[in-house]
Amino acid sequence: MTTDYRHLTHIKSLDELGLYELIPNIVWIFDLDRHGWWWGNAAALTFWGLNSVDELINKDLSGDTQGAKDRMHQTFELAAKNGLSIDPWTTYPNGKAKTLYMLHRAVLVGPERHRAIIAYINEQVELGETPENLLLVEAMRYTTVLVSTFTFSGDIVIENPAATEAYKHIIPQQLDSDKNAFTARFDKLEEGIERLKDATEKRVGRWTHMMKTSAGLRQHTLDIRITRHPLTAEFLMLVTEYDVTELHQALEAAHHAQIELEKQAHFDAITGLPSLHYLQQHADNYLAKAKRQNQQIAVMFLDLDGFKSVNDTWGHDAGDQVLRQVARRFTGILRQADQLARIGGDEFVMMIDDLTDSDDVEIIAQKLINELKTPIEFTYSEKETRQVSIGVSIGIAFFPEHGTTLDELVKVADRAMYDVKRQGKNNYCLAVLG
């Protein structure tokens, strides 16, 4: 995306700079596209120990690091966005470090409309006398952590290049009246307003929000502290932003993986029904409730008749399709309180809760048998479908007559189911005591 700089002043030639010569403070113009000086006033020439503007323009900058070049571009973007940037810069006249408190304005220069910055030396600060301070300033410039300082009105006072780059698309002068440079960074405006309110009430802390950066929506942890302007003593908001998007994505992926593992442990992959393990985990609650309320619970053991021939004749994909349809048909008969689980192969367990009459179970069993009287259709190939007919044999046990745990009830119902198999299949049988 090409940035629009049409709002910037265009200085077409050096002839337009006569009034700048009258300024006693140091002023120079730096051409970013050529990476060299475009002009400097007499005070600037004295500062650099040069005799003419040509010497300044021709000054060899081939030794500049890429970091220094990047910072120059970021300063231009900040000044282009905010109209003015103010921050300390370290320069090296005669090879000696000198830190200057500089104001920058973004302009376009020459017939080629090169990007440039007009640098005004507002104040010299003797940070060079305390090298640890100088190192701290340099560290803030080159860290990838976003550091910004705002007034309590949400206006930017100063930000490091990383913050400038992250929010270069936000132009304060173009914001709607309900936003400012601080709140416009937030994906949800109300969250930015709340954080600004916290700052004005001198509340500090750490919050995580979705932020609208030049790289898209990113999740940032914001560390907000209250500081004071070193020159005016005005209370300011110091905001340090850490991009934690990848961390949160990794945590979310781990969470989803955990859910998937639990799902695989508790639910059948083919039919989506709960597993026997899931049913065992919850059965105690159903049985305890039935015991308190002196109610019956029925446990059915269901074994499909003729299913093995489906796999043998048409393959396991056809078998899986048939199992899914069987599960849907059986589930349609259940009441909300009942539970159906696939325990493997062509076997299912159904728990019928809140029984008032054992006859109700026989009605449900007959409905299950009737559901499979209609042939089941499955896709055999892209252009071909087939039908199979299967049945179901059902054994039924009751709590508490036949057992007080799910395992006991399933075993009794399983034996009753085999009685159905021996008697001709596709029917149901109630377990008997003994």
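**View 1. The largest nonpolar core of this predicted model holds 34 residues**. Met300, Leu304, Phe330 and Met350 make the most contacts inside this core. A nonpolar core joins buried Ala, Val, Leu, Ile, Met, Phe, Trp, Tyr and Cys residues through side-chain atoms within 4.5 Å; buried means under 20% relative accessible area with a 1.4 Å probe, protein chains only. At least two core residues come from each of S12 (296-305), H9 (307-314), H10 (316-333), S14 (347-355), H11 (358-371), S15 (376-381) and S17 (391-399). H10 gives the most, seven residues. Helices (H or I, at least four residues) and strands (E, at least two) are DSSP runs, numbered from the N terminus.

**View 2. Met350 and its contacts**. Leaving out residues up to four places away in sequence, Met350 touches Ala298, Val299, Met300, Leu302, Phe330, Leu334, Gln339, Leu340, Ile364 and Leu368. Contact means heavy atoms within 4.5 Å.

**View 3. The lining of the second largest pocket, by element**. H3 (66-82), H4 (131-142), S2 (27-31), S4 (85-91), S5 (98-109) and S6 (114-125) each supply at least two lining residues.

**Notes.** Residues are numbered from 1 along each chain as its sequence is written. Local features need pLDDT of at least 70, side-chain atom pairs count only at pLDDT 80 or more, and totals for chains, interfaces and linings use all residues, while side-chain values use heavy atoms, without hydrogens and water.

Note on methods: Buried < 20%, exposed > 50% of the residue type's maximum accessible area, 1.4 Å probe, protein only.
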